Structures are given as C-alpha cells and as structure tokens.
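Here is a brief report on side-chain packing. Keep the sequence and the model in view as you read.

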Amino acid sequence: RLGGPRFEQDGEWHPEHPSMGISARDTAQFFQRCVEVENLPFAIVHALSRHHKAKMGIDTTCEELGYEPQDGTMFPRS
C-alpha cells in the first residue's frame, strides 16, 4: 500500500500534521526491498516515509522487508 508519492524532504510540511507521504528515495528503497526480500511469499505492507504522525503504520513493513525510510517529518529538512 503505497502512500502519497509526492513527499519532498525539503518541501513544505509541518511535523505535527498527519502524513501519508513517501519520498522518491524511500519509494525506490521500498520497491528494492520488495524484490530482494527472501523467505516472504506474501505480505500486505504500507509504504511511507517516517513521520511523527503517520496515517498508516510502517513497523511491520520495516520488520518484514528490512525497510528503513530516509525521509519524513521525523527528520530535518534537507
């Protein structure tokens, strides 16, 4: 489940506003992890950047795929 693919780390966002955004860098990593993960025949996971107030949880995504977002409202603007 891919979040809104228009999140830009250096763009306009407020850390306390809920977000479903995912950056291009995190999207690329997410798809790479989906292709490279081993011993996972099927999973429904959420793809978002790391946000203070995410509209979907990504803990399972991180655990199952080894996904580690590099962008989001948890990080400073670049």
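## Contacts of Ala47

Ala47 touches Arg1, Leu2, Gly3, Ile22 and Phe30, leaving aside residues up to four places away in sequence. The model behind these contacts is predicted.

## The nonpolar core

Ala47 also belongs to the largest nonpolar core, which has 11 residues in all. Two of its contacts, Ile22 and Phe30, are members too.

## Aromatic pairs

The model holds 3 aromatic pairs. One of them joins Phe7 and Trp13. Their ring centres lie 6.0 Å apart, with 40° between the planes, and the pair is tilted. Phe7 has 10% relative accessibility, so Phe7 counts as buried. Trp13 is at 15%, and Trp13 therefore counts as buried, because the cut-off is under 20%.

Phe30 and Tyr67 form another pair. The centres are 5.9 Å apart and the planes meet at 85°, so this pair is edge-to-face; the cut-off for that class is over 60 degrees. The pair links distant parts of the chain, 37 residues apart. Phe30 sits in helix H1 (residues 24–36), while Tyr67 lies in the segment after helix H2 (59–65). Both Phe30 and Tyr67 are buried. Together with Phe31, these two residues form one aromatic cluster.

How values were computed
Residues numbered from 1 in each chain as written. Predicted model: local features only at pLDDT ≥ 70, side-chain atom pairs only at ≥ 80, totals over all residues. Heavy atoms only, no water. Phe/Tyr/Trp six-rings, centres within 6.5 Å; stacked < 30°, edge-to-face > 60°. Buried < 20%, exposed > 50% of the residue type's maximum accessible area, 1.4 Å probe, protein only. Helix = DSSP H or I, 4+ residues; strand = E, 2+ residues; numbered from the N terminus. Core = buried A, V, L, I, M, F, W, Y, C linked by side-chain atoms within 4.5 Å. Contact = heavy atoms within 4.5 Å.
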